[in-house]
Amino acid sequence: PQTVYLKDYAPPAYLVDEVHLTFRLAPTATRVLSRIRFRPNPESSSRDFFLHGESLTPIRAAIDGQEVRPDITEAGLTCAVPDAPFTWEAEVEISPETNTALEGLYMSRGMYCTQCEAEGFRKITWYPDRPDVMAPFTVRIEGDAPVLLSNGNPVGVGEGWAEWHDPWPKPAYLFALVAGDLVAHRDSFVTRSGKTVDLALWVRPGDEGKCAWGMEALKASMRWDEARYGREYDLDVFNIVAVDDFNMGAMENKGLNIFNSAAVLASPDTATDANFERIESIIAHEYFHNWTGNRITCRDWFQLCLKEGLTVFRDQEFTSDMRSAAVKRIEDVRMLRARQFPEDQGPLAHPVRPESYQEINNFYTATVYEKGAEVIGMLKRLVGDAGYSKALDLYFDRHDGQACTIEDWLKVFEDATGRDLSQFKLWYSQAGTPRVSVEESFEGGTYTLTFTQHTPPTPGQEEKRPLVVPIAVGLLSPNGDEVVPTRMLELTEARQSFAFEGLASKPVPSILRDFSAPVVLERAASRAERAFLMAHDTDPFNRWEAARSLARDSLIATIREGAAPDADWLEGLAAMLRDDTLDPAFRAQVLALPTQSELAQALADRGQTPDPDAIHGAVEGLKDAMARHLSDLAPGLYDAMRVTGPYAPDAEQSGKRALGNAMLGLISRRDAGALAARQYAEADNMTLALAALACLLRVGKGSAELAAFHERWKDDRLVMDKWFALQIAEAKPESAVETAARLTEHPAFDWKNPNRFRAVMGALAGHHAGFHRADGAGYALLADWLIRLDPVNPQTAARMMTAFQTWRRYDAGRQAHAKAALERIAATPDLSRDGAEMVGRMLG
Ligand code: B3K
Ligand code: ZN
């Protein structure tokens, strides 16, 4: 397979002024007619005319009305063209119904829909399918579906046809078309300049009751982007469509966002609080792309973080404003550590702006998205809120309508703030998670912190340079007062000291407040000091972090030397739980232990080969100890967290349910599931029901409830995904593989549906001790299914291959099994480019 390099970027030879498309829809024989105005690009010296195109059946092609016979290959076509503007016309035939890859135009349960990012448009018609070619589109759809949608504004509709016009120049990856038997949940929004926008959320008949929340989230997002970024919506309509078969969460097509049903549909009895929060943030994310992604897009796919890092950062800010900023920060850091750190510390490590790829779909990663957002967070910390606003205003002003690079992005910050960002830019090119260690000294009233930074080598990058690391530090006096409020230290050297003068006594430092940089902080703070921070830190993130690191070290001590649980931590935990001034959602976060995979990495970092069974045993032991130690307060807290009144998925109620459910988890370890059975029986929403069912399964009960759950929800796909996943997640390590294997035999295991595949295989991969079973059965089962899925849906298969990315952490026996599984995938005849690249990197 061919490797594409950032350094080889060349501007397009031809630009597009206008695109006209006509679709004559038919499941296996859709005709696509295109009429495109091209003109030579003055910025390019090439006059080679190349259009991408894959799996297209050519019908005819013409230039300026004259039939032409282009040279057609597997990847596209070339053709002799005039040395002046000309009109290209073509007709092709495609087969949406047999398109199981869910890229291009495909069908999902009788409904036509598209997914073009990154390179799916070339499966629809011949086109310069690259983001730096932007054009206005006019689209006519002919078909017998009652609803026919495309980008932009509707210009006409009749029996069996509709026409759409999108005036905003856009790259082909933002093209979308939907046709089907859909119903609309409608609303409207008046922009701050007084324009009314018609909003619609399109769903299958039967799903109308699951739309209200998504619509509220959309309106909130529109308001927020006006208030916080001064960005108004720019079309007369905004449509969102829910689709059951979708490779990822959602897609920001201009004026016509397409969503995985799971990322938009919700009702209290079918979706959990976590689902509601996720929906709110994905709706916001896709909406925010209208400015950061669509109006200003990427020059090429190496610049993906330009739109994704920024849009994730914006959706994180939005959720912080809508809910609790402290809890959101904790959630984001948990996710970063669970998903991005393993990527950045293993064979798949790549820079936030990658420099080469074989298949771009493999680079929609936690590094590009989440670390990309962290990099923007650091930038904002370094230039301050006012500098950030000024830079963003300049960005929108200067680059509206353009396809940009990270250089353009950093330049607006340099121009707006006068800051030199050349060293900062390394965050975009240097892969790996930096390690920052710190020493302290106190002498004559001066307290000094000395930081050392080091980034371990990553594939293809042996040598690393020092980065600019913003480290937020506050100092507390031994009685808990804050003597030095948060100060942003800028670490730029490999080793650097910072002094705080005029202190009466040696302070307790609170370092990397609010997780001010995506690094691993290595600090030999005593347990007593961390217990102190857990009780007194004024920075909520670091309070949580102190508790978390004590829990982690307690678990590590148990694993390594069979130590008993840390009593100080248990005491600190009890004190925090009793503290009613603390937000219940925050208290629930303090109770969450590090993941087993994180513990495996922590052990590997300390030079010890992780044993998944021992890790699992230690976590279970610690949970039992928590249940014992907190047994006095758990029932009272459980009762206090009961929500009265109608269900609302807001921060307040969901925080209470989170803490209540955490208490239920502890209580059910001691009452054999009695309270959980009651909660399940009485639950009037999915959050309470699912948590109760999980507790029951965990204590070896719940088979009647599981059957009843199935009976009640068997016709609801999204709820059935939960039914599948939960059984695996709650299985014992020795039976997780068998549970997953058994569920793949279930008649409802529709493995071609990405949500269902992920519900089962994702749950298996997420069961640390189950997946990493010593006999390799977990690896073998996942490999079997990845081999089966790859030819059908390479994108979803390749994504799930990342389950293997940590394989070298484990013992020789497990490594041999994992390697054999990866080699078996690699040896599969006709393995997709997506899959081949992923296994190649992991074996490499
Ligand atoms: N931009 C899309 C992701 C497309 C993934 C293509 N493999 C969704 C998003 O980030 O908003
Ligand atoms: Zn995005």
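How far apart do the end C-alpha atoms of residues 213-424 lie, and how much of the span is helix and how much strand?

## Annotated spans

The end C-alpha atoms of residues 213-424 lie 40 Å apart, and the span is 56% helix and 9% strand. Helices (H or I, at least four residues) and strands (E, at least two) are DSSP runs, numbered from the N terminus. An unreviewed UniProt entry annotates residues 213-424 as "domain: Peptidase M1 membrane alanine aminopeptidase". UniProt positions are given in the numbering used here, feature names are shortened, and annotations may be inferred rather than shown by experiment.

Over residues 528-843 the chain is 70% helix and 0% strand, with the end C-alpha atoms 43 Å apart.

## Basis of the description

This is a predicted model, in which local features need pLDDT of at least 70 and side-chain atom pairs count only at pLDDT 80 or more, while totals for chains, interfaces and linings use all residues. Residues are numbered from 1 along each chain as its sequence is written, and chains are lettered from A and ligands numbered from 1 in the order in which they are written.

## Domains and their contact

The chain is divided into domain 1 (4-273), domain 2 (296-522) and domain 3 (714-844); these bounds come from an automatic or database domain assignment. The centres of domain 1 and domain 2, taken over C-alpha atoms, are separated by 34 Å.

In domain 1, 17 residues are in contact with 18 residues of domain 2, where contact means that the C-beta atoms, placed from the backbone, lie within 7 Å. On the side of domain 1 that touches domain 2, β1 (4-5) and α1 (212-229) each supply at least two residues. The element that gives the most to this side is α1, with five residues. By class, the residues of this side divide into 12 nonpolar, one polar and four charged. Ala, Val, Leu, Ile, Met, Phe, Trp, Tyr, Cys and Pro count as nonpolar, Asp, Glu, Lys and Arg as charged, and the others, Gly among them, as polar.

The residues around ligand 1 are E117, A118, M248, A250, M251, E252, H285, E286, H289, E308, N361 and Y364. A residue is near a molecule or strand if its C-beta atom, placed from the backbone, lies within 6 Å of it. Domain 1 and domain 2 each give at least three residues to this shell. Two or more residues of the shell come from each of β20 (250-251) and α2 (273-288). The shell has five nonpolar, three polar and four charged residues.

Two members of the shell, E117 and A118, are joined by a cis peptide bond with omega of about 0°. A118 is placed in the loop between β11 (111-115) and β12 (135-142).

## Sheets and strand pairing

Eight strands form an open sheet of mixed pairing, in the order β6-β5-β9-β3-β2-β12-β15-β14. Because β6 (66-67) and β14 (153-158) stand at the edges with a single partner strand each, one side of each is left without a neighbour in the sheet. Strands pair if DSSP finds at least two bridges between them. Two bridges join β5 (residues 57-63) to β6, and the strands run antiparallel; A62 has E67 in β6 as its bridge partner.

Elsewhere, β25 (residues 435-443) and β26 (residues 446-454) pair in the antiparallel sense over nine bridges. S441 is bridged to T448 in β26. The hairpin of β25 and β26 has two residues between the strands, and G444 takes a positive phi near 55° there. Strand β25 is also joined by three bridges to β31 (residues 520-522), which runs parallel to β25, and S437 stands opposite E522 in β31.

## Loop residues

Most residues other than glycine have a negative phi, and most peptide bonds are trans. L512 has a positive phi near 65°, and F515 has a positive phi of about 50°. The loop between β30 (508-511) and β31 holds L512, and F515 is also placed in the loop between β30 and β31. L512 counts as buried because 24 C-beta neighbours lie inside 10 Å, and F515 is buried with 22 other C-beta atoms within 10 Å. A residue is buried if 20 or more other C-beta atoms lie within 10 Å of its own, exposed if 12 or fewer, and partly exposed in between, with C-beta atoms placed from the backbone.

A564 lies in the loop between α9 (540-561) and α10 (567-578) and is exposed, with 11 other C-beta atoms within 10 Å. The C-alpha atoms of A564 and A618, 54 residues apart along the chain, are separated by 9.7 Å.

How values were computed
Two residues are in contact if their C-beta atoms, placed from the backbone, lie within 7 Å.
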